[in-house]
Amino acid sequence: MLASLTPPITLKLELDVLLLGVTFLGLLTRLGGIQFPKAAVFDEVYYGQLVSLYVKQIFFIDESGPPLGHMVLALGAYLGGFDGNFAWNRIGAEYPSNVPVWNLRVIPALAGALCVPLGYLLVVELGYSHHTAFVASLLLLMENSLIVQSRFMLLESVLIFFLLLAMVSYLRFYKAPQWLVSSAGWAWLVLSGFACGSAVGVKYMGLFTYLLLLGLASVHMWQLIGDRNLSTVRSGAGRLLALVLIPVLLYLGFFYVHLTLLYRSGPHDQMMSSAFQASLEGGLARITQGQPLEVAYGSQVTLRSLSSKPVPCWLHSHKANYPIRYENGRGSSHQQQVTCYPFKDVNNWWIIKDPGRQNLGVSSPPRPVRHGDIVQLLHGMTSRFLNTHDVAAPISPHSQEVSGYIDFNVSMPLQNLWKVDIANRESERDIWKTILSEVRLVHVNTSAVLKLSGASLPDWGFRQLEVVGEKIYKGYQQSALWNVEEHRYGRTEEQKEREVELQSPTQTDVSRNLSFMARFMELQWKMLTVKSEDSEHKYSSSPLEWITMDTNIAYWLHPSNNAQIHLIGNLVTWVLANIALAGYGLLTLIYLLRRRRKIEDIPEGMCLLAGIVCAGGWAVNYLPFFMMEKTLFLYHYLPALTFQILIIPILLEFFFFFLSSGINFSVKLFLVYHIFSPITYGYPELSSDQLSGLRWRESWDILLRKR
């Protein structure tokens, strides 16, 4: 009896056959046979090196982008059991059996395959028909350049996947009635924020699409202000949380994982500060970790310049004097050279001396050096005092020469007093700390600051870097800041014993660690400011060449049978995309003029939203390259091309809508005349409903009367 009263359970299942079809075809074209060729293809050589470093957990810096993309590739290598042992030294190098080719390429291939259905969904969410979306997905499916780029261990397909996912997810959220947004609706917004953060985490170019989406969301939020059916504060807070806070936390999280995985010393250590290097296992950490923390009178130290331009270096001197006269005829002091040397050397050691005492050893207990103290710096191996005076520097004559003082019994007195200025101190009497303190050394007599000029000395200076006394010093300059890297407490007064001591390993007493945020900020700054030297590449191209596809890239050449793989686009798609972009711009202008004349027969979202997402997506992924000075290739255009391709079917439906909107041809002629005629002849405006109801004879009568 009770069973008969139980309401039946209804299960509704909807399948989009077109979406399933293009998804299958996308997987087939991107994943099929990705192990061919079993050799390094173009930039696989570059990304493979980074993957090997990830597998071996060795620290590196990649100036080209954040770490997520590299970690995604490394994940495939890890799942395939790759041990990181492959040279990655040339394009076309055959992969041995220990390199899991399928695993290295499967994640980019999978991302490229999913871009096809995401293109379908994006067109649907923009308000166009499933048939239009199907055409869009077919165009993406058959685009040669997208297929090639997604079948190898490269990152463009991963970036495009996250860009499309961000747009689709946000539009899914936006199209839901705002007062009926459920937890599922908010989940779409969170997914959009996740995709935005991931796109920026793959490549910095993802930032521009992220900003476009933020701008779109801001406009939508502005339109909702005042809606009584909606909690504006709750809606705004939700958007702020999902589209701002989540991407920022994700970005930080990617670097946290990156720095946690790469804990071993590596080839890029020299670009980082002493404190950062000391936080890594091996390398400098074996020397610096546990050194005395406080610099004292009698300390033996090496002073590293905080500037890494042109290369990291240490304050240095040696038994060679400046030439009496330079090549241009200028004279010098002929005193001992002081330079900045880009290699660790026993001649990098200096002793911090109290000017009022002759003792060169550390007292017990040690007397720390504080901010504002006056010190002398004695070169450990030659016993010359660091000196500067009013003599022009060898390469930078506007600055003072810095030397190791030699008494030649001439009227050139010793000027070797330096004031310690701790730039990052927390108090006015802060102690000079090993590695942590950023110190300016200010000359007492002339107020000049010890600074790395960055210029290279001639052969007489062994091509080492010039150090000068800069009298005109303004603001924060890394080239004028130094930090103690290696540090020991000196125990001996005798020169010969000290020379032996300086060549022995440093002692360890106190350990210290660097916080994640400090390491993140330093690494981020290096990635944004330290640029590798870009050389002209035979396959490099300019952004103007991308539009016309007047370029390509040879990815791989078979060593024996001349089989080749090139990155080249589908010419038909490329031409149609350019025509569609220009046509869409023209139709948008006509649409705006029609709106100005109160003709509202075309839905607003059908034109403007598609233009913002597709044309805007093309613009933000293409135009910034005109301001970049890096070496560019055709594959940089692929994210912009993806959005541009979507305009082709959208424009076709736009035309179809216009031609089948119930307005006959004569009325359309009247509309064109009505839009562009500068004179109205006093006749009232006609609404879109009135225009749609006009018969051809009526429309011609109106047109003839206006004539």
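Student: How many residues of strand β12 (residues 482-489) are buried?

Tutor: Happy to start there: this is a predicted model, where local features need pLDDT of at least 70, side-chain atom pairs count only at pLDDT 80 or more, and totals for chains, interfaces and linings use all residues. Residues are numbered from 1 along each chain as its sequence is written, and side-chain values use heavy atoms, leaving out hydrogens and water. Strands (E, at least two residues) and helices (H or I, at least four) are DSSP runs numbered from the N terminus, while buried means under 20% relative accessible area, exposed over 50% and partly exposed in between, with a 1.4 Å probe and protein chains only. Strand β12 is largely enclosed by the rest of the structure, because the number of its residues that are buried is 8 of 8.

Student: In β12, which residue is the bridge partner of Q300?

Tutor: Two strands pair if DSSP finds at least two bridges between them. Strand β1 (residues 299-305) runs antiparallel to β12, with 6 bridges joining them. The partner of Q300 in β12 is R488.

Student: Which residue in the turn between β13 and β14 has a positive phi?

Tutor: Strand β13 (residues 553-557) has 4 of its 5 residues buried, and 4 bridges join it to the antiparallel strand β14 (residues 564-567). I553 stands opposite L567. The two strands form a hairpin with 6 residues between them, and the turn residue with a positive phi, about 70 degrees, is N562.

Student: Are helices α5 and α8 roughly parallel or roughly antiparallel?

Tutor: Axes are lines fitted to C-alpha atoms over the stretch in contact, with angles from 0 to 180 degrees between N-to-C directions. The axes of α5 (residues 101-125) and α8 (residues 156-175) come within 8 Å and cross at roughly 30 degrees. Angles under 35 degrees count as roughly parallel, over 145 as roughly antiparallel, 65 to 115 as roughly perpendicular and the rest as oblique, so α5 and α8 are roughly parallel.

Student: Which residues does L146 touch, beyond those up to four places away in sequence?

Tutor: L146 lies in helix α7 (residues 144-150) and is buried, with a relative accessible area of 11%. Its C-alpha atom is 9.3 Å from that of P639, 493 residues apart along the chain. Taking contact as heavy atoms within 4.5 Å, the residues touched by L146 are R30, L140, I160, L638 and T642.
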